[in-house]
Amino acid sequence: MGIRNDVNLLGRTLGQVLKEQEGEAFFDLVERTRALVREVRGGGDDSELRALIGGLNEADAGNLTRAFTWYFQLVNLAEEYERVRVLSGSQGTRPQSIEGALVELKAQGVSAEAAESLLARLDLGLTFTAHPTEMRRRTIRSHLVEVARAIPDLHSQDESAVERVAAHVEAMWTTPELRRLKPTVLDEVKGGLNYVTSIAQALPALQRDLQRAFRTVYGRETAAHVPLSFSSWMGGDRDGNPFVTPQATREALEVHRERAREVLLGAIKQAYADLSQEGAGEGTEHESADSYREELRDLHNAVRDGLPVELLPRLEALRERLHAEGQQRSADQLLTPLLTVARVFGQHLVSLDVREHSAQTGAAVAELLKAAGVEANYSALPEHAKLELLTRELRSRRPLWPAGEALTDTLETAIGPIREVQAATRLVGPRAFGHYVISMSESVSDVLEPLLLAREVGYGILPVPLFETLADLERAPQVVWELLSLPEYRAVLGDSVQEIMLGYSDSNKDAGFLAANWALHEAQRKISDVCRRAGVRWRFFHGRGTSIGRGGGPASRAILGQPAGTIDAGIRITEQGEALADKYSHPVLARRNLEQALYGLMLAAARPALDPPQEWMDALDRAARVSARAYRSLVDDADFIPFFERVTPIHEISRLNIASRPVRRPGAPTLGNLRAIPWVMSWTQNRANLPGWYGLTEGIREIGVEQARAMYADWPFFRTVLDNSQMSLAKSDPLIFCEYLTLLDSGEGTAEGSARLAEHLKASYRDAVEAVQSVIGAELLGNEPRLRESIALRNPYIDPIHRIQVELLRRARATEHGLDEYERPLLLSLQGVAAGVRNTG
């Protein structure tokens with residue numbers, strides 16, 4: 001059986017449940033809708049389909065949306081199982097594998113010793129974040145996991161497996177998909193850590209892959225480790241989220257310790273069961289014949305009781321003993337899983353970052369300085385005066401707040417999370433805490449201010465500036481140079497790696513797709529040069545989303561597309577929303593996604609720091625400026641905001657209980673303070689996907705097609721940009737977008753302005769497709785036939801959900817309290833589209 005059989009069987013199972021739960025009439029409605037949609041997709045008249053959708057009552061609209069949504073949820077499972085099946089049955093060297101990377105490195109003249117040195121200096125840091133892109137409730141996800149587990153048994157004609165699948169589909173159909181309440185921060189922490197189990201199972205396989213690959217390629221053993229680490233923002237990301245309190249941070253860290261304990265105890269128990277052989281006998285340097293198990297028992301009890309323990313040194317010593325006593329296979333096969341899990345997860349599981357907006361840290365420092373009588377109005381000082389004051393204070397070790405006095409609310413909010421991570425590091429070691437990330441970093445003082453806050457509790461932190469807007473990215477190299485030129489800051493940094501975070505979302509919302517990508521390229525290239533000159537090791541932290549407009553796309557492609565010479569101590573990447581489920585829901589998928597990312601990292605890090613031809617860089621610099629002007633001309637149009645609010649479900653998204661974070665930063669509602677995730681999600685729902693391609697046509701015209709073809713062929717960065725735009729354009733659907741344009745009939749703004757923008761965007765999409773195809777020399781996704789087929793197969797089944805959403809938006813907006821009346825089916829439609837296109841923001 002293949003994927004088509006799986007899909008057919010799951011579809012028939014859903015159909016049977018629909019008949020039983022909703023009746024034959026509803027099942028017939030589903031089938032009639034599906035037939036009409038396919039007819040319209042084939043070029044037929046849509047009047048009958050419009051009449052059907054327009055005549056639906058609220059209950060049928062909601063249930064019809066649910067039916068097609070569940071079809072996609074089940075299809076997604078079948079696709080995931082097909083990936084697992086193909087990967088499990090693959091033979092030889094897989095493309096984009098660790099062995100593949102070593103083969104390419106050796107072909108480039110990289111010796112075994114140099115390859116080991118490369119691995120030793122790198123770290124692939126993956127950071128879990130809780131953004132509103134994973135729309136499924138945890139209860140629903142649990143049912144889907146059980147269905148996924150049963151799919152392999154369907155191939156054996158096991159009737160009990162079919163019944164088990166049907167039972168879970170039946171349970172899902174009668175389980176509310178929508179959260180009644182917004183998830184708490186703790187809900188997000190627990191949900192985001194669901195995939196740790198799969199990752200923990202994949203890690204030993206990756207370590208063995210590395211050891212096996214090294215023997216195959218270089219003909220000898222290696223002591224190199226897979227360079228992986230994991231972090232989280234859930235429970236530490238305070239930027240714009242008032243629910244991330246010091247207590248929420250404390251609770252998140254408690255969950256981390258508990259999950260780490262579970263993972264470690266499971267690995268220790270397995271090693272204890274496997275290492276059953278006797279150790280060296282009496283008269284040797286070892287204590288007793290059972291010393292292997294005695295050591296594991298001691299470690300088990302310490303971990304169980306929550307005691308800090310030197311895991312790695314003791315496990316490494318145990319490994320050395322096994323080798324010394326001729327038990328090499330046991331060491332490599334039976335102890336490696338525990339050793340690898342301990343090395344990556346330890347007793348902390350993931351390192352919690354704290355993130356705060358620069359305005360909030362600045363306000364807290366101002367209050368602290370005023371209370372201490374140091375400076376009455378710090379916020380009003382010019383930058384040079386702030387730096388003079390901050391560096392003077394950093395040379396001193398004295399705390400500013402009077403000893404024994406309770407902190408004000410502002411200071412407790414700012415300092416409390418630092419105190420909580422400090423307490424966690426005392427319990428399980430320094431890796432419990434990662435870094436302190438400062439959002440909207442615009443100046444050196446923004447980066448120094450958290451150091452003063454941390455000093456109040458006697459704790460050292462490493463600040464990470466986050467450059468987000470186009471202007472901040474352009475200014476970033478100068479800010480980093482000034483920061484690294486300060487002796488007071490260098491004393492804090494010491495020999496540590498300086499991390500610099502780059503935001504993909506706000507820069508795209510500021511300047512559009514092409515200009516944002518180029519600004520990120522140039523910021524990395526110039527900051528890398530600054531760090532080299534300063535003699536500081538560095539690592540970029542990429543705040544990517546799942547959509548192309550927010551830096552999404554395959555991780556290996558993204559890493560290989562980084563500017564040459566910009567990967568020093570590795571790379572950090574955010575993993576969020578449905579990306580976690582897609583990549584890590586199964587150990588085989590987790591292993592594959594991690595090995596692909598490691599493949600990209602190893603090859604990208606080995607590239608020499610050579611810039612592409614200057615004429616290419618000049619051309620792209622011009623193209624970015626032209627593209628940004630085109631983009632700003634669109635979003636600054638007086639009619640654009642009313643147009644955007646009518647043709648997208650942005651207001652309805654703000655009502656969806658999918659995340660604890662508000663959709664806007666504080667302040668009056670504007671495009672500027674709208675968070676990039678709902679911005680992108682809105683354009684994904686109506687299938688315009690504007691943030692993933694708009695302005696590209698003007699940029700390509702500025703470059704010229706012939707030169708663009710040469711750049712696409714030989715410049716990895718430019719190739720990645722255009723390949724990502726292909727995906728975004730291919731997932732766009734003009735037919736569906738036109739349905740959303742019918743919502744303009746009764747909106748704010750001038751009818752003439754709305755009609756003008758509608759025609760402009762339709763023409764711009766056609767022009768972008770033509771421009772990209774002229775450069776790549778093929779149709780969209782011509783080199784990715786499986787993805788292209790998947791999109792084509794899904795479109796007819798997403799259509800009913802889109803059309804129902806448009807009808808419901810029309811009804812809800814027709815009356816003052818319409819959104820209250822149609823909220824449930826509307827939110828179901830948002831969830832259905834997300835399931836169909838497999839990403840939201």
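Helices (DSSP runs of H or I, at least four residues) and strands (E, at least two) are numbered from the N terminus. The model is predicted, so to speak for itself: local features need pLDDT of at least 70, side-chain atom pairs count only at pLDDT 80 or more, and totals for chains, interfaces and linings use all residues. Most residues other than glycine have a negative phi. At 12% relative accessibility, Met440 counts as buried (under 20% relative accessible area, with exposed meaning over 50% and partly exposed in between, using a 1.4 Å probe and protein chains only). Leu349 is another residue with a positive phi, near 70° in this case. Leu349 sits in the loop between α14 and β3 (351-357), and is buried, with a relative accessible area of 0%.

On to the helix pairs. Two packed helices are described by the angle between their axes and the distance between the axes. Here the axes are lines fitted to C-alpha atoms, for helices over the stretch in contact, and angles run from 0 to 180 degrees between N-to-C directions. Helix α16 (residues 383-394) and helix α18 (residues 444-455) have axes that come within 10 Å and cross at roughly 30°. The two are therefore roughly parallel to each other (angles under 35 degrees; over 145 is roughly antiparallel, 65 to 115 roughly perpendicular and the rest oblique). Their crossing is left-handed, that is, the near helix is turned anticlockwise from the far one by less than a right angle, with clockwise giving right-handed. On the α16 side, contact (heavy atoms within 4.5 Å) is made by Glu383, Lys386, Leu387, Leu390, Thr391, Glu393 and Leu394, and on the α18 side by Val444, Ser445, Leu448, Glu449, Leu451, Leu452 and Arg455. Sorted by type, the residues of this α16 and α18 contact come out as seven nonpolar, two polar and five charged. For that tally, Ala, Val, Leu, Ile, Met, Phe, Trp, Tyr, Cys and Pro count as nonpolar, Asp, Glu, Lys and Arg as charged, and the others, Gly among them, as polar.

α11 passes α17 in a right-handed crossing. Pro246, Thr249, Arg250, Leu253 and Arg257 of α11 make this contact with Glu412, Gly416, Pro417, Glu420, Val421, Ala424, Leu427 and Val428 of α17. Seven nonpolar, two polar and four charged residues make up the contact of α11 with α17.

The other partner of α11 is helix α14 (residues 328-345), packed at an angle of about 160° with the axes 8 Å apart. That makes α11 roughly antiparallel to α14, and their crossing is left-handed. In this contact, Val263, Leu264, Ala267, Ile268, Ala271 and Asp274 in α11 meet Leu334, Leu338, Val341, Ala342 and Phe345 in α14. The residues involved in the contact of α11 with α14 are ten nonpolar, no polar and one charged.

Phe345 also features in the nonpolar core. In soluble globular proteins, nonpolar side chains tend to be buried together. A nonpolar core is a set of buried Ala, Val, Leu, Ile, Met, Phe, Trp, Tyr and Cys residues joined through side-chain atoms within 4.5 Å. The largest one has 83 residues, and Leu102 and Phe345 are those with the most contacts inside it. Helix α10 (residues 196-218) gives the most to this core, with eleven residues. Not counting residues up to four places away in sequence, Phe345 touches Val196, Ile199, Ala200, Leu203, Phe230, Val263 and Arg431.

Leu601 lies in helix α25 (residues 587-606) and, at 0% relative accessibility, counts as buried. Apart from neighbours within four places in sequence, Leu601 is in contact with Leu122, Asp123, Leu124, Ile559, Ile567, Gly570 and Ile571. Arg66 belongs to helix α4 (residues 58-89) and touches Met172, Trp173, Thr174, Thr175, Glu177, Arg824 and Leu828, leaving out residues up to four places away in sequence. Arg321 has its place in helix α13 (residues 311-324); Arg321 and Ala331 are ten residues apart in sequence and 8.8 Å apart in space, C-alpha to C-alpha.

Notes. Residues are numbered from 1 along each chain as its sequence is written. Side-chain values use heavy atoms; hydrogens and water are left out.
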